[in-house]
Amino acid sequence: MMTDVIHNLSMGFGVALLPINVLFCFVGTLLGTLIGVLPGIGPSATIVLLLPITFSLSPTGGLIMLAGIYYGAQYGGSTTSILVNLPGEAASVVTCLDGHAMARQGRAGPALFMAAVGSFIAGCFGTLVIAFFAPPLTEVALEFGPAEYCSLMVLGLVSAVALAQGSLLKAFQMVFLGLLLGLVGTDVTSGMERYTFGLPDIYEGFSFVSIGMGLLGYAQIVANLERTTKREVIIEDVKGWMPTRDDVRSSWKAILRGSVLGSILGLLPGGGAVISSFGSYALEKRLAADPSRFGKGAIEGVAGPESANNAGSQTSFIPMLTLGIPTNTVMALMLGAMMVWGIAPGPEVMSKQPQMFWGLIASMWLGNLMLLVLNLPLIGIWIRLLKLPYRLLYPLILLLCCIGVYSMNRNTADILIMAGFGLLGYIFNKLDCEPAPLLLGFILGPLFEENLRRAMLLSRGDPSVFLTQPISLALLLAAGLLLILVTLPKVSRTRDVAFRE
Amino acid sequence: MNTRFKSILVALVLPLALLFASSALAQNYPNKPIRLVLPMAPGGAVDVTARIYAQKLTETLGQPVLVDNQGGGGGSIGPGIVSKAPPDGYTILYMSQSSLYTAIVHKLSYDMPEDFAPITWADAPQAIIAASPSLPAKSMKELIALAKAKPGKLTYASDGIGSSAHLTMELFKKKEGIDMLHIPYKGQGPAMIDMMAGRVDVKSCGIIAVIPHIRSGKLKALAITGEKRSVAAPDIPTLVEQGITYWHGSWKGFLAPAATPKEIVQKLNTEIVKVLNSPDIKARLAKDGIETVGDSPEQFAAFLREEKVTWTKAIKELGIRLE
């Protein structure tokens, strides 16, 4: 097997290092980074715009470029999360928590650095995982049925509570509110429309981008503007990008754990990359010597999730290439592009188009390297961008959010929805409620419900299926354990406080 | 001549001039880009086919034909936009039968096909009735026998309530008198995974996505829709061969807003049919199991009316309601 892998990888690098493909890789990653840095505009919108152009390119080159845009955007997305507290994509929400806290302490540089380095290491790990395990990994994806997904979502939802810094009760409330918001739209299982009030704009429910931009973008800007009476500089004096020895020591384990977690979870359709970043955060918080640092600038809270979502974005190619099953919107678009080129993704791709397959894998590693080299010097530029007076910065952010939201569906209603959530976010801010658990509840809730009902349909109403399937049981036990571990310290701390009084 | 006579002359001549103006419009058409609305998100098989047509049409018409994805609402948003667009031939729709089904089941802001001017029936992609390898049935007859022996035990997947995968299977169940449990999914991917793993038994799948899995043995094929076997999969017997003649396949067509002038509809029809009949497009699509049609506006309009009647009746009988 080792010789196979070496043979495959060397063939792959032979293709990836062709000058034209290196160019495509560079263009893709550069474009991806730019898109990722701009809040609101994501890789899906970019790929759709570029689709007509890619048709005239060779399939390998086109795929390399599109892939570069996708994982490049993950790199760029962490930049906006850290600097402006705006997640470029669902998977970057977690990076906002500690990343932006670090930025507020003047440590944006180390945060960006560790995010970039962590992503690169995770990328290398992901490439090796794909090279060694691509065929057996598809079997893993097949083992996950509705019951397993449902239990995975339960684990994810419990992680959401673990994210909470403040009041546990408020975190639960926000998660449930997110679940309720996720209900809006057409239910898959029954075809019923829920809470759509006859508006076709929300037949499919709210979009994550509208809610995320509204709650995090608008609300934050309004809150910041309120504070300008103090003439406060939002980002304190930034002291450069070198991380301290402490930083490196705390982060390297987080990076490794995140890489493994992300590689596995990225394989799963729908929310795999999101769960891996949230899961990594919860894991790091749980394993840390002093969990109370999380939310206030703990670097593991940046390094872990960033590695996880980069590893996840690489392994999410596997189900698309080997099974023809896209795990998210971007993969669906690439699938479409491959079909236009006349390549049917599926089990035949590895055997019938080995050069394209391995060329793509090799170029992903190359792309990761390019991104590291590209992003490190750019950190200085991003930081300088931040030092712009806020009165110039915030209209730009608002505008980009609007463009991003509009670019999803060309529907102005989405912008109004975003504004509505902006107002809601402002209220949450005043009430000291965090939006992150709400976003997680919003993403995972519908997935949880869809899989719960499908599992029950298939088991003819027998709920024991969640406990009899081994993977499902394992996930539920992990969720139960996490729940206990998360609530216990808080419970005992309150008891301590009560005792002292 | 005096002014009075002149004004009468103008009053008589002007309407005649306007009469010719509409055909002049058709002669100049198209002189700016055309917007091709697709009622689905980018990336799927239908989207891919539409883009192939759009590219070729851009070449033959000399004007860019721009694909505008307006997904959502179960395929109802796209037609809604086109039904309200100016009827000047610069906004047209490429839709599949799912949008018609959605329009029958839901009360929408437009009537299909009444608020549209059908241009042509573009293509009829074949669908394969695929089954899990663990299912002990190799043909439709065996499936029916198995379902009769175990009523309610077999399951079938669909792309959602009201999708063609759902409606065609429900019709099949009714006609054959069998009972199978319906499991709706949000997309073809997860449904195929569950079928491969044996968690769900049968699904009517679009040919492009499912053929690689049939070739690799991860799924098996019971039958294929359409008049004749597919070039892409010659050893899969058709439903007709197996005695099932009532199964409606899927279809895709081009439509324009209802008030679009006849000359422009005719011009679009001529150009699109040319594209549909061109050898390179035909070959490209045949590889994916898609056969192009390309009939006249009147034929397509008649077909749509017939489909609406059939499915309105069927949906009522099957008791499929969404609220």
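Start by selecting Glu114(B) and Lys308(B): in this predicted model they form a salt bridge, with the closest N and O atoms 3.3 Å apart. Glu114(B) sits in the loop between helix H4 (97–105) and S4 of chain B, while Lys308(B) belongs to helix H11, so the pair ties together parts that are 194 residues apart in sequence. Color by accessibility and you will find Glu114(B) partly exposed at 46%; Lys308(B) is also partly exposed, at 22%.

Now show all of helix H11 (residues 297–318) of chain B. Helix H11 packs on a sheet, touching strand S4 (116–125) and strand S10 (252–257), and its direction makes about 80° with that of S4(B).

Next, switch to a cartoon view of that sheet. In which order do its strands run? The open sheet of chain B has six strands, ordered S2-S1-S3-S10-S4-S11, with mixed pairing. At the edges are strand S2 (65–69) and strand S11 (290–292), each pairing on one side only. From one strand to the next, the twist averages 30°. Zoom in on S1 (residues 34–38), which pairs with S2(B) in the parallel sense over five bridges; there, Val37(B) stands opposite Asp68(B).

Stay in chain B and select Lys228(B) with Glu291(B), whose side chains meet in a salt bridge of 3.0 Å, N to O. Lys228(B) is in the loop between strand S9 (220–224) and S10, and Glu291(B) is in strand S11, so this pair links parts that are 63 residues apart in sequence. Glu291(B) is partly exposed, with a relative accessible area of 44%.

One more stop in this chain: Asp194(B) and Arg199(B) form a salt bridge, the closest N and O atoms being 2.8 Å apart.

Over to chain A. Select Asp187(A), Arg194(A), Glu449(A) and Arg453(A) together: salt bridges with shared partners join them into one network. Over all chains, the structure holds 18 salt bridges.

Then pick Asn310(A) in helix H12 (residues 300–315). Asn310(A) is buried, with a relative accessible area of 1%. Its side chain makes a polar contact of 3.1 Å with that of Asn368(A), and the residues it touches include Tyr71(A), Gln74(A) and Ser119(A).

Finish at Asp201(A), in the loop between strand S2 (193–194) and helix H9 (208–227) of chain A. Asp201(A) is partly exposed at 33% and touches Asn411(A) and Ala413(A). Draw a C-alpha to C-alpha distance from Asp201(A) to Ala413(A): they are 6.8 Å apart in space and 212 residues apart in sequence.

Note on methods
Residues are numbered from 1 along each chain as its sequence is written. Chains are lettered from A and ligands numbered from 1 in the order in which they are written. This is a predicted model: local features need pLDDT of at least 70, side-chain atom pairs count only at pLDDT 80 or more; totals for chains, interfaces and linings use all residues. Side-chain values use heavy atoms; hydrogens and water are left out. Helices (H or I, at least four residues) and strands (E, at least two) are DSSP runs, numbered from the N terminus. Buried means under 20% relative accessible area, exposed over 50%, partly exposed in between (1.4 Å probe, protein chains only). Contact means heavy atoms within 4.5 Å. Two strands pair if DSSP finds at least two bridges between them. Axes are lines fitted to C-alpha atoms, for helices over the stretch in contact, and angles run from 0 to 180 degrees between N-to-C directions. A polar contact is a pair of N or O atoms within 3.5 Å; within protein, one must be able to donate a hydrogen and the other to accept it, and residues adjacent in sequence count only if both atoms are side-chain atoms. A salt bridge is a side-chain nitrogen of Lys or Arg within 4 Å of a carboxyl oxygen of Asp or Glu. Lists of a residue's contacts leave out its neighbours within four places in sequence.
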